[in-house]
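Some comments on helix packing and the nonpolar cores follow. Please read them alongside the sequence and the coordinates.

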Amino acid sequence: MKIKIIALALLLSAAVQAQKKVWFDTDIMIGMPDKTAREVDDGFTLIMALKQPQIEIVGISSITYVDYSFPIINKILGWHNKGAAIPVYKGSPNADDLGVENDGTRALYEALKKEKLTILALGPMTNIATLIQNHPDIIPQIEKISICAARTEGLPFNPGNGKLNVFDYNYELDYKSMDVVLNSSIPLVFAGYEPSSYTHIGNIDLASLDQSLEADKWLFDAVQPWMDKNEKYFGVRGFIPFDCSTLGVITHPEYFTYYKDIPIKVNYRKNDALEVQPHTPYKNFLEVSYKYKTKRKVDYAIRALQGFEEKILETMSVKN
């Protein structure tokens, strides 16, 4: 019996040590009161991340709408984080001030000085690029950045039933910061629209939420305006949980197919999302293709496999 107890203790110790340390950089907008409903996938992804034993979130920084997101992130932590306290920092408020230090960049720098981290980049790259540009000495401490952006060459961002193309928000909001990241030596994995388009969350999928609980009721209610908007513009009631794939390639890499070491390039061409960007006839596209001759190569998630959507829902229903 004593030998079994010792063996179990060693296994548990190894599991704890195997936890990947991550920094969570997010443009969370879930529940934001505005003229139009805001995306909810960052909120879903944060809740999902807090329930993953494979990772430990050591810090969270915000990007855009930082005054709104600060209390929302802390509210979610209050409901779902049952481990050590996770510090939250405000980052770039508009994703247009590359090189300007903020609480988020300073905290991330200090965290990286202590240990190597993987960064989950769920919004524009301003915070991360500012860190890289201002503190190149810290680059070896970044194990990997998982980014919600990019596309295979020529792929339209066309969710739902084909009524409307949308744009690569996280990339297009701050081209310059993405250039800084691409020009670094940091290993990058991109998991955005393309793999996420194979998943879809609808009202029936949220049946596992216990609306007698404040946290679950808040989440269900916050999602409804976003579902309304998706139904109006795309003809489908529900939403694609984009950022869950950005997390998933770190926590559940086996649920995705990839282009490994694929060249990535910025191409300037005719805008394919003129309905939502009528004053931008041409723009930059961040694309991957094995035919490109660029030196910079990345890993790119192509598809979320069957079972990942169920994994999202299963995780969301876990009660801490």
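1. Helices α2 and α3 pack with their axes 10 Å apart, at an angle of about 35°. The crossing of α2 over α3 is right-handed. On the α2 side the contact is made by G43, L46, I47 and L50, and on the α3 side by I73, I76, L77 and H80. Six of these residues are nonpolar, two are polar and no charged residue takes part. Note that this is a predicted model.

2. Helix α2 (residues 41-50) also meets helix α11 (residues 308-316): their axes come within 9 Å and cross at roughly 70°. An angle from 65 to 115 degrees counts as roughly perpendicular, so α2 is roughly perpendicular to α11. F44, I47 and M48 of α2 touch F308, I312, T315 and M316 of α11. This contact comprises six nonpolar residues, one polar and no charged.

3. The largest nonpolar core holds 49 residues, and L46, I57, I60 and L219 have the most contacts inside it. Elements giving two or more residues to this core include the strands β1 (20-26), β2 (55-62) and β10 (297-304), as well as the helices α2, α3 (66-80), α10 (242-251) and α11. Helix α9 (214-234) is another of these elements, and α9 gives the most, with eight residues.

4. L46 deserves a separate entry. Beyond its neighbours within four places in sequence, L46 is in contact with F24, I28, I57, I60, I73 and I76.

5. Another core, of 37 residues, lies apart from the largest one; A107, A149, V181 and L182 are among its members.

How values were computed
Residues numbered from 1 in each chain as written. Predicted model: local features only at pLDDT ≥ 70, side-chain atom pairs only at ≥ 80, totals over all residues. Heavy atoms only, no water. Axes fitted to C-alpha atoms, helices over the stretch in contact; angles between N-to-C directions. Helix = DSSP H or I, 4+ residues; strand = E, 2+ residues; numbered from the N terminus. Parallel < 35°, antiparallel > 145°, perpendicular 65-115°, else oblique. Contact = heavy atoms within 4.5 Å. Nonpolar A, V, L, I, M, F, W, Y, C, P; charged D, E, K, R; others polar. Core = buried A, V, L, I, M, F, W, Y, C linked by side-chain atoms within 4.5 Å. Buried < 20%, exposed > 50% of the residue type's maximum accessible area, 1.4 Å probe, protein only. Left-handed = near helix turned anticlockwise from the far one by under 90°.
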